Amino acid sequence: MAKKLAVIGAGLMGSGIAQVSAQAGWDVVLRDVTDEALARGKGGIASSFEKFVAKGKLEAAAAEEALGRITTTTDLDAVADADVVVEAVFEKIEVKREIFQALDKLAKDDAVLASNTSAIPITKIAAATARPERVVGTHFFSPVPMMQLCELVRGYKTSDETLAAAREFAESVGKTCVVVNRDVAGFVTTRLISALVVEAAKLYESGVASAEDIDIACKLGFGHAMGPLATADLTGVDILLHATENIYTESQDEKFAPPEIMRRMVDAGDIGRKSGQGFYTH
Ligand SMILES: NC(=O)c1ccc[n+]([C@@H]2O[C@H](COP(=O)([O-])OP(=O)(O)OC[C@H]3O[C@@H](n4cnc5c(N)ncnc54)[C@H](O)[C@@H]3O)[C@@H](O)[C@H]2O)c1
């Protein structure tokens, strides 16, 4: 019998996770708070499948079958028979804690309760439940159907069984996992990109090199697909500033102290591609 997955939040990440899971044979129930959000999420999945079919990467029949494995609901009770629950709602700790409190009452005893948070310590989310050993981070990357990585994050009380079950789930949907053994702020990936962007911004700020040259150095010198300042513009200078401030607050490690230029760019609204101006003009 197909395994059951419940995804909470039908936004960018939740719908991506639902999509790859349904394609891999999971029965998926996608839950959001409004019918509009669910329609948008499922519509996005359908059009993504269409693109894969048009490119010859997926059979039309397989796409239709996968789409048919995804049901939608506004009712959280739908998690009751799920083997794995993945939460992908807004990055707000209060919202996530409220959901995990409810999941604790509704989900099966042996269900894996996972959060897709990019930065909130799993331990803080797990503490909202009476079963913190069953709570784990499954940090997928955007766009989920294209990006291979899933960062598995252990909270303070996450059990080995839960981590193994989370790995089994992520691998079953085609991802390669890396394990974060302690839920330090920013995990591994956000810490690495923050450190690189902060240093790149400092070099740029002090006139050591131009934005273009810093990015070319990383691309040609280290084989990075994209330079750190172009990455900051794509992700949003505001998003990276926020992530870096969080890591700095938790770690008190000076290398994460956000440079003045990033703070002033955000104050001025020069946050990257979405505003038309960041380290580059778009
Ligand atoms: N966007 C990214 O690139 C990215 C990458 C990795 C991880 N993340 C993380 O994934 C999570 C989701 O991010 P996103 O970009 O998909 O956000 P999003 O804004 O696209 O979607 C969030 C969805 O959650 C829904 N929601 C809010 N409260 C809810 C509730 N109580 N029950 C059910 N649904 C609810 C909203 O209606 C919305 O549809 C966040 O924790 C984020 O940090 C995002």
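**Exercises on a ligand site and its aromatic pairs**

An oxygen atom of the ligand lies 3.3 Å from a polar backbone atom of valine 89, a polar contact in the sense of a pair of N or O atoms within 3.5 Å. The model is predicted, with local features requiring pLDDT of at least 70 and side-chain atom pairs pLDDT 80 or more, while totals for chains, interfaces and linings use all residues. Residues are numbered from 1 along each chain as its sequence is written, and side-chain values use heavy atoms, without hydrogens and water.

**Exercise 1.** Describe the aromatic pair of phenylalanine 140 and phenylalanine 169.

*Solution.* Step one: the whole structure holds three aromatic pairs (ring centres within 6.5 Å; planes under 30 degrees apart are stacked, over 60 edge-to-face, the rest tilted; for Trp, the six-membered ring is used). Step two: phenylalanine 140 and phenylalanine 169 pair edge-to-face, at 6.1 Å centre to centre and 70 degrees between the planes. Step three: phenylalanine 140 belongs to strand β6 and phenylalanine 169 to helix α6 (residues 160–172), so the pair ties together parts 29 residues apart in sequence. Step four: phenylalanine 140 is buried, at 2% relative accessibility (buried is under 20%, exposed over 50%, partly exposed in between; 1.4 Å probe, protein chains only). Phenylalanine 169 is also buried, at 1%.

Definitions and conventions:
A polar contact is a pair of N or O atoms within 3.5 Å; within protein, one must be able to donate a hydrogen and the other to accept it, and residues adjacent in sequence count only if both atoms are side-chain atoms. Helices (H or I, at least four residues) and strands (E, at least two) are DSSP runs, numbered from the N terminus.
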